[in-house]
Amino acid sequence: MNKYLERAFELKDEMVENRRHFHMYPELQNNLPETVKYVRSQLEAMGYEVQEICKCGLVALAGGKKPGKCILIRGDMDALPMPEDTGLPFSSKNDGAMHACGHDFHMSMLLAAAKMLKEHEDEIEGTVKICFQPNEETFGGAKDMIDAGVMENPHVDV
């Protein structure tokens, strides 16, 4: 097994913990104050400078020390406006909101990827732009992030 896959397995419990946190506290569309606060605190604890480029849209950069392309990776943050009736111990505590389509997984996995990228930042050729997108469910979040300049500074190649 290679060292990156091995490290991903080592982060499994952390990913599960983050995923359950996100699942318990879902927020909708562009109204994600607690989600943004949590994601920002996790990224800052890893050593990232985090920028909010549109309402609730977060960006952090890994690498940039060696020449190369800029690659953007993205995870969605918003939940669906529906009640949860699963009975899980980490069920939604926010009435009328539920992570029913995987955005809790997206955020959890992207935080783990961000951690691994930070741990190997000196090896990165180019830059990885890590984006946490709001409002995916109503299709406005990507446009808001693009309009705010997420595809530039540095320019995204892939």
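This is a predicted model: local features need pLDDT of at least 70, side-chain atom pairs count only at pLDDT 80 or more; totals for chains, interfaces and linings use all residues.
Residues are numbered from 1 along each chain as its sequence is written, and side-chain values use heavy atoms, with hydrogens and water left out.

Four strands form an open sheet in the order β1-β2-β4-β3, with mixed pairing. Strands (E, at least two residues) and helices (H or I, at least four) are DSSP runs, numbered from the N terminus; two strands pair if DSSP finds at least two bridges between them. Because β1 (51–54) and β3 (70–76) each have a single partner strand, they stand at the edges, and one side of each lacks a neighbour in the sheet. Strand β2 (residues 57–63) runs antiparallel to β1 and is joined to it by three bridges. In this pair, E52 stands opposite L58 of β2.

Helix α3 (residues 33–46) lies across β1, β2 and β4 (127–133), at about 15° to β2. Angles run from 0 to 180 degrees between N-to-C directions, with axes fitted to C-alpha atoms, for helices over the stretch in contact; contact means heavy atoms within 4.5 Å.

The largest nonpolar core has 23 residues, and V39, L43, Y48, I130 and F132 have the most contacts inside it. Such a core is a set of buried Ala, Val, Leu, Ile, Met, Phe, Trp, Tyr and Cys residues joined through side-chain atoms within 4.5 Å, where buried means under 20% relative accessible area (1.4 Å probe, protein chains only). Elements giving two or more residues to this core are α3, β2, α4 (103–119) and β4.

Terms used: Buried means under 20% relative accessible area, exposed over 50%, partly exposed in between (1.4 Å probe, protein chains only).
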